[in-house]
Amino acid sequence: HIDHFHEAFGVDALECQRDTGVTCSWVGDLVSYSEHLEKFCEVEKIIRGGFRVLNAPDADGADIRTVRCSYCPSDSSAGQLALNAHDLLKVFNVTVEGWAAGVQLDPSTLEEVGSLGWFPMTYLWPENDDPYRRR
């Protein structure tokens, strides 16, 4: 939560916000906080994934790419997205390790659907070779 950026335990969340633009706005009681961190917090998923960001979003926001082939993560709690061939994704960041942070898009409206997550960039069509890319 942005109110915690000045605290020692909020340093990772501040770095996440700077690198990815993702912040947490959760509000609730202490009992629910642990569940939120374990299951729902997008910032915590990014932090736990241990991914180092190679590039931040540009002024236009992100790159839109098409999934080449399906990907089923071995551990969904690590903040990874399952991908299906021909899904449309908005890619916000790519790490030096080859992982991308992004979200699935509705193909007809280009609205974001689902949660932000990580996926291997190699499962996406390269920008210039995407046979499904809207021109």
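## Briefing: rings, core and polar contacts

Tyr71, Trp99 and Tyr123 are tied into one cluster by ring pairs. Two rings of Phe, Tyr or Trp (its six-membered ring) pair up if their centres lie within 6.5 Å; planes under 30 degrees apart are stacked, over 60 edge-to-face, and the rest tilted. This is a predicted model, where local features need pLDDT of at least 70 and side-chain atom pairs count only at pLDDT 80 or more, while totals for chains, interfaces and linings use all residues. Residues are numbered from 1 along each chain as its sequence is written, and side-chain values use heavy atoms, with hydrogens and water left out.

**Overall layout**
- The protein chain has three helices and four strands, in the order α-α-α-β-β-β-β; these are DSSP runs numbered from the N terminus, with helices being H or I of at least four residues and strands E of at least two.
- Of the 135 residues, 36% are buried (buried is under 20% relative accessible area, exposed over 50%, partly exposed in between, with a 1.4 Å probe and protein chains only).
- The accessible surface comes to about 8200 Å², and carbon and sulfur atoms own 51% of that; the areas come from the Shrake-Rupley method with a 1.4 Å probe, and for residues only the protein chains shown count as cover.
- Take the contacts (heavy atoms within 4.5 Å) between residues at least 6 apart in sequence: 49% join residues at least 24 apart.

**Nonpolar core**
- The largest nonpolar core holds 25 residues, and Val43, Leu83, Val91, Phe119 and Leu124 have the most contacts inside it. Such a core is a set of buried Ala, Val, Leu, Ile, Met, Phe, Trp, Tyr and Cys residues joined through side-chain atoms within 4.5 Å.
- Two or more core residues come from each of α1 (11-20), α3 (42-49), β2 (88-94), β3 (99-105) and β4 (112-120).

**Rings**
- There are two aromatic pairs in total.
- One of them is Tyr71 with Trp99, an edge-to-face pair at 6.3 Å centre to centre and 75° between the planes.
- That pair bridges distant parts of the chain: Tyr71 is in the loop between β1 (63-66) and β2, Trp99 is in strand β3, and they are 28 residues apart.
- Tyr71 is buried, at 13% relative accessible area.
- Arg68 lies over the face of Trp125, 6.0 Å from the ring centre (the rule wants NZ of Lys or CZ of Arg within 6 Å of the centre and within 35 degrees of the ring normal).

**Polar contacts**
- Arg65 sits in strand β1 and is buried, with a relative accessible area of 11%.
- The Arg65 side chain makes a 2.6 Å polar contact with the side chain of Asp63, and reaches the backbone oxygen of Trp125 at 3.1 Å. A polar contact is an N or O pair within 3.5 Å; within protein, one atom must be able to donate a hydrogen and the other to accept it, and sequence-adjacent residues count only if both atoms are side-chain atoms.
- Glu112, in strand β4, is partly exposed at 45%, and its side chain has a 3.1 Å polar contact with that of Lys90.

- Most residues other than glycine have a negative phi.
- His86, in the loop between β1 and β2, has a positive phi of about 80°.
- Leu110, in the loop between β3 and β4, has a positive phi near 60°.
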